[in-house]
Amino acid sequence: MRFFAALLAVLPLSTAVAGPGHHGHHQGPQRPAARPPAVCHAGELRVSAPRDAWFDVYVDGRKVVESRVMDGQQAVALSPGFHRVRVTDFMGRAWSTEDLDVGCGEVVVGEVYQRAGMRVVSRFAEQPVRPASYAPYGRAPRVCTAGSLSVTPFDNTWFDLYVDGAKRASARNFDGTQTVAGLAPGRHFVRVTSFVGEVWSEGYVDVRCGDAVYGEVFEDAGLRLI
């Protein structure tokens with residue numbers, strides 16, 4: 001009995017240290033660790049009224065924005081996917097209804113006009129820093145950094161500059177060059193007005209990774225890129 005007790009005490013130790021050369025089980029090549037699942041961040045809807053319309057915004061039947069008397073741009077987070085967006089006047093009369101598809105981390109910019117409702121003017125991913133490519137082993141990947149838009153008033157022009165529906169720069173009395181920093185790579189809607197709100201120009205400006213875009217503002221003509 002003493003012999004069998006000693007044998008049982010040794011067996012677990014022998015099995016634990018056994019390797020491929022000691023009659024153990026061959027484990028095979030180690031599999032690489034699984035990559036973490038991709039994260040789908042919430043999107044965002046940003047709305048404003050260039051002509052100061054009073055309006056309400058409903059998303060999937062729920063009021064999410066109420067705008068009165070020059071409230072500026074307002075934002076609401078939206079889960080990725082389709083949403084029914086309805087815009088009404090402050091009395092509840094419908095101006096527009098549409099199905100809006102929001103991507104992961106996407107910003108949708110809308111402008112609301114009296115009776116016409118909302119029109120989408122810009123869409124972009126709000127990711128100022130993100131991997132741009134995969135680098136060879138041992139090297140850090142390139143990153144896609146935010147860009148900027150710099151505008152200079154020609155002959156002391158007074159103006160206001162709106163990017164994606166929000167006022168981002170103003171020039172009065174020899175203020176010099178105005179810079180809008182932190183623009184996510186993509187296409188942005190840019191409007192230039194006089195200091196009393198008269199629209200001089202509106203259009204799209206493409207910003208690439210880390211790009212610095214320059215332009216001049218002319219009275220009555222608005223923005224001209226350099």
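Q: How many disulfides are there?
A: The count comes to two disulfides. Keep in mind that this is a predicted model.

Q: Okay, which residue does C40 join up with?
A: C40 is joined to C104, with an S to S distance of 1.8 Å. The torsion about that S-S bond is about -95 degrees, so the disulfide is left-handed.

Q: And where do C40 and C104 lie?
A: C40 is in the loop between α1 and β1, while C104 is in the loop between β6 and β7, so the pair ties together parts that are 64 residues apart in sequence.

Q: What about C144, what's its partner?
A: That's C209, at 1.9 Å from S to S. C144 belongs to strand β10, and C209 sits in the loop between β16 and β17, 65 residues apart.

Q: Is C144 buried or exposed?
A: Buried, because its relative accessibility is 2% and the cut-off for buried is under 20%. C209, at 46%, counts as partly exposed.

Q: Switching topic: what's the strand order in the open sheet of four strands?
A: The order is β14-β11-β17-β18, and the pairing is mixed. β14 (178-183) and β18 (222-225) are the edge strands, each pairing on one side only. From one strand to the next, the twist averages 25 degrees.

Q: In which sense do β17 and β18 pair?
A: They pair in the antiparallel sense, over four bridges.

Q: Which residue in β18 stands opposite V217?
A: L223 does.

Conventions
Residues numbered from 1 in each chain as written. Predicted model: local features only at pLDDT ≥ 70, side-chain atom pairs only at ≥ 80, totals over all residues. Heavy atoms only, no water. Pairing = 2+ DSSP bridges. Helix = DSSP H or I, 4+ residues; strand = E, 2+ residues; numbered from the N terminus. Axes fitted to C-alpha atoms, helices over the stretch in contact; angles between N-to-C directions. Disulfide = S-S within 2.5 Å. Buried < 20%, exposed > 50% of the residue type's maximum accessible area, 1.4 Å probe, protein only.
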